[in-house]
Amino acid sequence: MLTNIGRVNVLPLGNELRINALSFAVSPPVQHPICMTTTSYDGQLVSNVVYDQCKLKDAQAKRITKNILSTLQQEAG
């Protein structure tokens, strides 16, 4: 499952403060053992992956995540 959080506008915090990373807590529905959220912030694409450890082993989740990121990078050009 891939969900697009969307574009998050840059939040001006002043000269000395800056947001460097975004994360989202999303739980995959029962029928989906893995879920990736994606958003863009300040010109960067940010992705987070969560998975059901009862349905997928760590190695499987890492392999799926690697394949998804590789496909996104290829499509982005």
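Tutor: Start with T39, which touches I5, G6, R7, V8, L22, F24, Q44, L45 and V46, leaving aside residues up to four places away in sequence; contact here means heavy atoms within 4.5 Å. T39 is found in strand β2, where strands (E, at least two residues) and helices (H or I, at least four) are DSSP runs numbered from the N terminus. With a relative accessible area of 1%, T39 is buried; the classes are buried under 20%, exposed over 50% and partly exposed in between, with a 1.4 Å probe and protein chains only.

A word on the basis of these values. The model is predicted, so local features need pLDDT of at least 70 and side-chain atom pairs count only at pLDDT 80 or more, while totals for chains, interfaces and linings use all residues. Residues are numbered from 1 along each chain as its sequence is written, and side-chain values use heavy atoms, with hydrogens and water left out.

Next come the loops on either side of β2. D42 forms a salt bridge with R18, their closest N and O atoms being 2.7 Å apart. D42 lies in the loop between β2 (34–41) and β3 (44–51), and R18 in the loop between β1 (2–8) and β2, so the pair ties together parts 24 residues apart in sequence. D42 is partly exposed at 35% relative accessibility, whereas R18 is exposed at 57%. The count comes to 1 salt bridge, by the rule of a Lys or Arg side-chain nitrogen within 4 Å of an Asp or Glu carboxyl oxygen.

The loop between β1 and β2 also holds L11. L11, L13 and L17 make a nonpolar surface patch of about 290 Å². Patches take residues with over 30% relative accessible area and no salt bridge, joining like charges within 9 Å and nonpolar side chains (Val, Leu, Ile, Met, Phe, Trp, Tyr) within 5 Å; accessible areas come from the Shrake-Rupley method with a 1.4 Å probe, and for residues only the protein chains shown count as cover.

Now the cysteines. A search of the whole structure finds 0 disulfides, a disulfide being a pair of cysteine sulfur atoms within 2.5 Å. For C35, the nearest cysteine sulfur is that of C54, 17 Å away, which is too far for a bond. C35 is buried at 1% relative accessibility, and C54 is exposed at 79%.
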